[in-house]
Amino acid sequence: MALVPAVAALLTVLLAFHVGASWYGESPFRRLGYVAIVGHAIAGAIALYVLPYTWDVGAFHEAGLAILSGEPVGASTTVSSFAAVQGLLYAVFGAHPIVVSIVNGLLAVAIAVMALALARRLYPELRNRTLLLATILFSPIPFLYLSVPMRDALTTAAFFLALALAAVALNEDRHWFFLPIVPLSGGLYLLRPELALLAGLAITAAGGVAAFNRVARRPVTLPLVAGVGAGVGLIGLVLFFDRFPVSRLNSALNWRARGGAAYLEGMQYDGVLDVLLVAPTRAIYFQFAPFPLQVTSLFDLMAGLTVPFLVFLLVAGYWSVRWYDVNAVVLTLLVTAYVGGVVGYGLIDSNFGTAVRHRIPIEFLLIVFAAPALGNVERSLRRFLGDADCQDAGDDE
C-alpha cells in the first residue's frame, strides 16, 4: 500500500527540512520550502497515476527492488548507481516510487539554496532574493520533472552543490571546501557522467582565473577570460570526443530520435568539423525547443509554453551581467557550465522529452544569471503592493 510509505517519507522529509532550515533565519524561504515539498509529493502522485506519459520509472523501480532483495541489477551503470540510492529509500520507508518523489522534493529545495549561494557570490550587491528563490522552486517544467521518481533531482542537486562549494572555496579562500567535491564528483559521475565532467571543466576554468588574480594581484581582464575559456573549451572538446567519437555520437542521435517527440531527425555527423559547424544550431534547439510548430502532444505544449520564459531569462541574464558588478571567478565558473551544457547536450539530444529533462540544470543557471533582474521585478511588485520595507527585502535570507 502506497499510503503508509508516502506518509512516513513526507513526515520525515518535512522534519528534516524544518531542522535544516532552522539556521537559515525567519524568511520566505522556510514558508516556500514547506509548500514546495508538499507540492512535489502531489506532483509525484499525479505523474505516477494521472499523466498520460510513459516514464522510465519502471526501470528504476525494478532496479531498486533488485538492490533491496540483494539480486544483481541487469541495467546500465547509471541506473544501477541510482538503484542503490532508491533501494536504500525503499528499505527505510517502503518499496514504492512515491517515496522517491517525496525525497526529490527535499533535494529540489536544496537546489534552491545552492543556486542562491551562487547568485550571492556572482553578484555581491544582490539584495532582493525572494523572487529568485520562488522562481527556482516553482519553475513549472523543472518542478514536474524533479517530482518524477527518477535520478534528475539527485544529479542536479549534486551538480549545483559541486559548483557552490567551488564558488565558496575560490571566492572566500576556504580551500578545504574542495575536499568534498572529489567524492561528490565521483558519485555524480556514476549517476550522470556528463554533468560530472561539466562541473570539472567549470571548476578548472574558474580556478585558472582565481590563480591569475592571486599571482597578478589585480582584477582579471577580458582577454584572459577569453583565453582561459578557449583553453578549457579545447579540453572540453577532447573529453567530449573521447566519450562520444563521431560513430558513437551518430548512434546516440539515432537512439534518441525515436518516437514522436524527435527533432532534427535524420541528421548525421560526417566528421569532427561537421560536429563543430552544427553545434550552435543544435545548442539553440536544446535550449529553446519545442518551437510552436513542433508541438504535437500535451507535454510538448507544456514545454513550448515555457519558451518565452527561457528567452526572458537569457536576455535578463545578459543584461544583469552587463550592468551589475560581477565576481569574475564565479562568472567564469557559471558561464563555462552553461555554454558547455547547452553545446554538449545539444549535440546528442534529439527528442524534446530528453532535452527538457537535461536542461533543468541549464535553466537554473539562467535563473542565477538573471538574479538582479528578478530582484528588480520583486522590488517593483513590493512597491506596487505597498511594502514599505521593500528596500531591505531579502537581507534576512
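Glu378 counts as buried at 5% relative accessibility, where buried means under 20% relative accessible area, exposed over 50% and partly exposed in between, with a 1.4 Å probe and protein chains only. Its side chain meets that of Arg382 in a salt bridge, 2.9 Å from N to O. A salt bridge here is a side-chain nitrogen of Lys or Arg within 4 Å of a carboxyl oxygen of Asp or Glu.

This is a predicted model, in which local features need pLDDT of at least 70 and side-chain atom pairs count only at pLDDT 80 or more, while totals for chains, interfaces and linings use all residues. Residues are numbered from 1 along each chain as its sequence is written, and side-chain values use heavy atoms, with hydrogens and water left out.

**Salt bridges**

- The structure holds six salt bridges.
- Arg382 and Glu378 both belong to helix H19 (residues 371-384), where they are four residues apart, about one turn of the helix. Helices (H or I, at least four residues) and strands (E, at least two) are DSSP runs, numbered from the N terminus.
- Asp152 forms a salt bridge with Arg192, and their closest N and O atoms are 3.2 Å apart. This pair links distant parts of the chain, 40 residues apart: Asp152 is in helix H8, and Arg192 is in the loop between helix H9 (181-191) and helix H10 (193-216).
- Both Asp152 and Arg192 are buried.
- A network of salt bridges links Asp152, Arg192, Glu194 and Arg357.
- Arg174 and Glu172 also meet through their side chains in a salt bridge, at 3.2 Å from N to O. Arg174 is partly exposed because its relative accessibility is 39%, and Glu172 is partly exposed too, at 29%.

**Aromatic rings**

- There are 10 aromatic pairs. Rings of Phe, Tyr and Trp (its six-membered ring) pair if their centres lie within 6.5 Å; planes under 30 degrees apart count as stacked, over 60 as edge-to-face and the rest as tilted.
- Phe17 and Tyr34 make an edge-to-face pair, with 5.0 Å centre to centre and 85° between the planes. Phe17 lies in helix H1 (residues 3-21) and Tyr34 in helix H2 (residues 28-49), so the pair ties together parts that are 17 residues apart in sequence.
- Phe17 is buried, at 5% relative accessibility, whereas Tyr34 is partly exposed, at 28%.
- Trp319 and Tyr324 are another edge-to-face pair, 5.6 Å centre to centre with 70° between the planes. Trp319 is partly exposed at 36%, and Tyr324 is partly exposed at 30%.
- Phe17, Phe29 and Tyr34 are joined into a cluster by ring pairs.
- Arg322 has its charged end over the ring of Trp323, 4.8 Å from the ring centre. For this, NZ of Lys or CZ of Arg must be within 6 Å of the ring centre and within 35 degrees of the ring normal.

**Two buried helix residues**

- Ala167 is in helix H8 (residues 152-172) and is buried, with a relative accessible area of 2%.
- Leaving out residues up to four places away in sequence, Ala167 touches Leu118, Arg121, Glu172, Val330 and Leu333. Contact means heavy atoms within 4.5 Å.
- Thr336 sits in helix H16 (residues 328-348) and is buried as well, with a relative accessible area of 16%.
- Apart from its neighbours within four places in sequence, Thr336 contacts Leu198, Leu201, Ala202, Ala205 and Val232.
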